[in-house]
Amino acid sequence: LSRFDEARATLEEAARAAADAHDDRRAAQIGELLVYVVGSGQRHPQEALAMQPLVDTLLRRAGDPTDLRVSYMADVAGLMMDAGDLEGARSRLEEALAIAERDLGPESGKVADLLGNLCSLATLQGRWKEASDLQQRNLAIAEAIYGHDHPHIASVLHDGAQILVRQSRYADAAPLAERALDIRVRMLGDDHPSVDATLQTLANIAVGRGDREIARAQLVSLLARAERSGDASRLGHALESLGQVEYDLGRHEEGIAHLAASIAAFARAGGTETLDYAMAEYNRADGLAGRHRCDLARPLFEHVLAVLDRAGVAASMRAYPLRSLAACMLSEGRGREAEVATRTLLEACAAAACDPLIVAVARFTLGQAQWLLGQRAAATATMRATRAELSVLAEAGPQRAQLEAWMRAHRLGTR
């Protein structure tokens with residue numbers, strides 16, 4: 001139910017009870033769950049990583065059971081992914097998978113879970129064929145264990161749909177998302193949060209197909225569901241999604257108003273230092289910047305970056321607001337500051353797993369800054385490199401139409 005604060009408090013109480021009862025296996029299980037809840041749920045990765053020595057001790061005391069050990073390894077891999085260490089995460093997950101296949105069997109539920117983790121990682125790295133193969137194997141094992149109408153099957157299907165959305169394969173994604181929705185409504189009830197997540201994915205598919213008015217109608221319905229739930233976090237996500245689509249439709253005032261309301265909802269849900277709050281603030285700032293209101297957007301971008309810095313998130317997550325801040329500086333004639341901000345972004349992304357598209361767009365911004373500063377030869381070289389980079393992405397990646405439109409809009413096909 002994504003109620004991670006309550007989950008943590010309950011688990012901490014359970015840990016005390018397990019210690020009093022000298023139940024080593026239960027204590028180890030609770031420790032593993034706490035790493036997940038604190039790191040991935042509450043988004044406190046550093047605090048979760050600091051728990052590793054304790055959890056290792058608990059696992060050894062419990063006899064190092066394979067099911068808990070591989071789950072714990074997957075939790076740590078997830079924290080490594082959040083920190084941008086994708087190859088380290090891959091190594092950890094592949095080791096966990098080998099242990100699970102050896103000790104629990106190649107068709108076990110833990111193997112299926114680890115295949116799902118590796119699938120998510122392959123998606124982040126743009127390894128689409130590998131992600132698809134992992135997802136299909138995961139689904140086959142899960143259906144053999146749970147049948148065809150289990151909530152776990154819906155989760156696997158939904159993950160598969162999201163992978164296809166990332167590849168812009170919207171026609172293939174829609175049937176998976178629709179089947180996941182059908183299972184979740186029947187098995188979990190219409191008001192379950194996972195139903196909202198699936199409806200959100202279907203709206204994303206409609207946006208990808210260019211059916212933004214259909215997507216808007218779906219998101220209006222999703223907003224009504226969130227309002228009935230009374231959950232401020234669900235409300236924030238629904239408002240944020242609706243605001244983004246309205247902005248894309250040219251309904252700027254409505255879009256910015258809904259984005260502002262999403263920020264207020266996230267503040268009620270968890271305060272102004274959460275990642276949800278920061279990303280909603282980023283989307284609102286981006287909308288303001290798109291309307292040439294960098295005077296209002298710039299302080300919002302700066303606050304977003306401060307929150308992300310304090311949270312210790314990966315460079316790949318900071319890349320978007322940092323590039324947008326640099327673009328604002330550029331529009332205000334602050335070429336030197338834009339150049340410094342963009343170089344900072346590119347240096348950070350050189351050591352992390354940033355989206356290749358944001359790297360190319362950041363390089364374009366650097367070229368603009370160089371031109372503004374009178375560095376004509378450097379700007380020309382940077383723009384040529386940018387165009388070559390985007391051309392490769394357009395040929396090899398799933399976002400060809402989007403990239404080609406972006407290149408035309410910025411005249412990257414001209415002298």
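**Helix packing and burial in a predicted model**

Author: This is a predicted model. The axes of α11 and helix α12 (residues 212-229) come within 8 Å, crossing at roughly 165°.

Reader: Why are α11 and α12 called roughly antiparallel?

Author: The axes cross at roughly 165°. Angles over 145 degrees count as roughly antiparallel. Therefore α11 and α12 are roughly antiparallel to each other. Their crossing is left-handed.

Reader: What makes the contact between α11 and α12?

Author: From α11 come Val195, Asp196, Leu199, Gln200, Leu202, Ala203, Ala206 and Val207. From α12 come Arg212, Ile214, Ala215, Gln218, Leu219, Leu222 and Arg225. By class, the residues of this contact are 10 nonpolar, 2 polar and 3 charged.

Reader: Why does Thr201 count as buried?

Author: Its relative accessibility is 2%. Buried means under 20%. So Thr201 counts as buried. Thr201 sits in helix α11 (residues 193-208). Leaving aside residues up to four places away in sequence, Thr201 touches His158, Ala161, Gln162 and Ala177.

Reader: How do you know that the span of helix α2 agrees with its number of residues?

Author: Helix α2 (residues 24-41) has 18 residues. At 1.5 Å a residue, they should span 26 Å. The end C-alpha atoms are 24 Å apart, which agrees.

Reader: Which residues of α2 are buried, and what covers them?

Author: The buried residues include Ala27, Ile30, Leu34, Val38 and Gly41. Glu32 is also one of them. The cover includes α1 (4-20), α3 (45-50), α4 (52-61) and α5 (66-82).

Reader: What is the phi of Arg43, which follows α2?

Author: The phi of Arg43 is positive, near 65°.

Methods
Residues numbered from 1 in each chain as written. Predicted model: local features only at pLDDT ≥ 70, side-chain atom pairs only at ≥ 80, totals over all residues. Heavy atoms only, no water. Helix = DSSP H or I, 4+ residues; strand = E, 2+ residues; numbered from the N terminus. Buried < 20%, exposed > 50% of the residue type's maximum accessible area, 1.4 Å probe, protein only. Contact = heavy atoms within 4.5 Å. Axes fitted to C-alpha atoms, helices over the stretch in contact; angles between N-to-C directions. Parallel < 35°, antiparallel > 145°, perpendicular 65-115°, else oblique. Left-handed = near helix turned anticlockwise from the far one by under 90°. Nonpolar A, V, L, I, M, F, W, Y, C, P; charged D, E, K, R; others polar. Expected span 1.5 Å × (residues − 1).
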